[in-house]
Amino acid sequence: MSVDDICAMIALRGGNSLISRKKKKRKERDRSLKNPILVRNVNPNIQDDMVEEYFGMCGNIKSMVRYKEGGANMMHKFVIHFEKQTGQMAAIALMRKGAILAGCPVDVIVPTPEQLWVSAHRMH
């Protein structure tokens with residue numbers, strides 16, 4: 001039996017289970033980071049738990065990462081992922097009413113994939 005015959009038999013049976021498991025893990029990881037918001041112009045003196053509490057009223061937060069832009073006195077930004085889309089939508093609605101954190105108005109947007117990539121690849 002040749003290698004091609006073996007590959008054909010695997011394909012007929014539904015594929016390689018190792019490949020299927022890797023694809024399944026990738027899908028689970030991709031699903032776990034859905035529903036993001038980008039919060040910009042955050043006061044650098046604000047504590048992470050204050051941001052988490054503020055946006056936690058919108059929905060359950062799956063992950064939250066702070067990014068520092070420039071020097072110590074420059075404004076910061078957060079990428080927050082909600083468990084459900086309703087949390088993301090509530091955060092956007094909150095922005096429309098004028099979100100203020102630690103006395104500073106902040107921008108809350110649904111980030112593009114490029115904005116997420118740039119945030120993830122800059123220094124924390």
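Strand β1 (residues 36-42) and β6 run antiparallel and are joined by three bridges; strands are DSSP runs of E with at least two residues, helices are runs of H or I with at least four, and both are numbered from the N terminus. Arg40 has Asp107 in β6 as its bridge partner. This is a predicted model, in which local features need pLDDT of at least 70, side-chain atom pairs count only at pLDDT 80 or more, and totals for chains, interfaces and linings use all residues. Residues are numbered from 1 along each chain as its sequence is written, and side-chain values use heavy atoms, with hydrogens and water left out.

**Sheet**
- Four strands form an open sheet in the order β2-β3-β1-β6, with antiparallel pairing (a pair requires at least two DSSP bridges).
- β2 (61-68) and β6 (107-109) are the edge strands with a single partner each, so one side of each has no neighbour in the sheet.
- From one strand to the next, the twist averages 15°.

**Helices on the sheet**
- Helix α3 (residues 48-56) lies across β1, β2, β3 (76-82) and β6, at about 135° to β2 (axes are lines fitted to C-alpha atoms, for helices over the stretch in contact, with angles from 0 to 180 degrees between N-to-C directions).
- Helix α4 (residues 85-96) packs on the sheet and touches β1, β3 and β6 (contact means heavy atoms within 4.5 Å); its direction makes about 145° with that of β6.

**Nonpolar core**
- The largest nonpolar core has 19 residues, and those with the most contacts inside it are Ile37, Val39, Phe55, Ile80, Phe82 and Val108.
- Such a core is a set of buried Ala, Val, Leu, Ile, Met, Phe, Trp, Tyr and Cys residues joined through side-chain atoms within 4.5 Å, where buried means under 20% relative accessible area with a 1.4 Å probe, protein chains only.
- β1, α3, β3 and α4 are the elements that give two or more residues to this core.

Definitions and conventions
Buried means under 20% relative accessible area, exposed over 50%, partly exposed in between (1.4 Å probe, protein chains only).
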